[in-house]
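Hi,

Here is the structure I promised to pass on.

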Amino acid sequence: INVFFRPVEKINAVIESYPKGIAGFKRFTEIIDKAPDVKDAPNARDIGQVNGNISYKDVCFSYDRQKPVLNHINLHVSAGETVAFVGPSGAGKSTICSLLPRFYEVESGSIEIDGIDIKEITLSSLRQQIGIVQQDVFLFSGTIRENIAYGKLDATDEEIWEAARRAQLIGLIESQPDGLNTVIGERGVKLSGGQKQRLSIARMFLKNPPILILDEATSALDTETEAAIQQALMELSKGRTTLVIAHRLATIKHADRIVVVTEDGIHEEGRHEELIRQGGIYSQLHQAQFG
Ligand code: ATP
């Protein structure tokens, strides 16, 4: 086993990624080191597999304890539901999502998973229940096999192939002479942004968390890659509670619910057609973004 697995294993659940806005893996590790306020409560307990009902109850939050970012957010997401957060830049979409794995602590109010306050759950077992997929995925120099198996360190080859298939990665793997043993990263094959993202999706199939946070890429990918990723993400979110920090029309349209976040909080929510019909902020954003 690669030595790199060891230190990294500890923060297994969060390492695939980190909330957007915290630029770069390096900064992320710094933040982990420097986040003494987020730690296990003395009576924290491990939870097993959750159903994935999520409730934000009157949640207030600010990064600097001065300028409020979230003001009395109330939101319930049912197990298995896909909710897309939409809204202007800086409104707090990423912040709402990053409170769930407790990258930051709520200032007041609470967040519950299956009726349990997340503060009463150990960080490791909480984060084991949450998978994060995002643009700046963390890959290490090693083989494709190692990078996928990172989602489940004892995965069998069969499981790895299955995850790769569902993540639309088979084409890439089969096009390399060394297959799963292809070395990627600095000393090997350079992967495109879309390929990296699918690799992180493959990890998620192995990790198999009941709750997902998808931070969608803002940068454009070519249409074919985009479609492959969309397909993989749709498959991944099936049967899981999914929070999407949304930028893409396709995901937004497929969401069970769209939650429009503005600086004042949750402004409106509903399905795409409903919100378009209402002619509120969503329909304006939609018009501006997608024409
Ligand atoms: P975008 O669509 O641009 O990603 P967003 O709706 O996800 O925006 P957030 O990233 O949640 O918005 O940011 C909400 C506010 O909190 C912004 O004013 C932002 O500048 C601030 N903010 C975000 N991350 C941090 C941080 N790590 N430290 C301090 N302030 C932050």
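**Helix 9 and its surroundings**

Helix 9 (residues 193-207) packs with helix 10 (residues 223-237) at an angle of about 15°, their axes being 10 Å apart. Axes are lines fitted to C-alpha atoms, for helices over the stretch in contact, and angles run from 0 to 180 degrees between N-to-C directions. Helices (H or I, at least four residues) are DSSP runs, as are strands (E, at least two), numbered from the N terminus. Helix 9 and helix 10 are therefore roughly parallel to each other (angles under 35 degrees).

On the helix 9 side, the contact (C-beta atoms, placed from the backbone, within 7 Å) is made by Gly-194, Gln-197, Arg-198, Ile-201, Met-204 and Phe-205. Helix 10 contributes Thr-225, Ala-228, Ile-229, Ala-232, Leu-233 and Leu-236.

Helix 9 is mostly covered, with twelve of its 15 residues buried (20 or more other C-beta atoms within 10 Å of a residue's own, placed from the backbone). Its cover includes strand 6 (130-134), helix 6 (144-149), helix 7 (157-166), helix 8 (170-175) and helix 10. After helix 9 comes Asn-208, with a positive phi near 60°.

For the whole protein, there are 13 helices and twelve strands, and 39% of the 291 residues count as buried.

Two notes on reading this: the model is predicted, so local features need pLDDT of at least 70 and side-chain atom pairs count only at pLDDT 80 or more, while totals for chains, interfaces and linings use all residues. Residues are numbered from 1 along each chain as its sequence is written.

Best wishes

Methods. Parallel < 35°, antiparallel > 145°, perpendicular 65-115°, else oblique. Contact = placed C-beta atoms within 7 Å.
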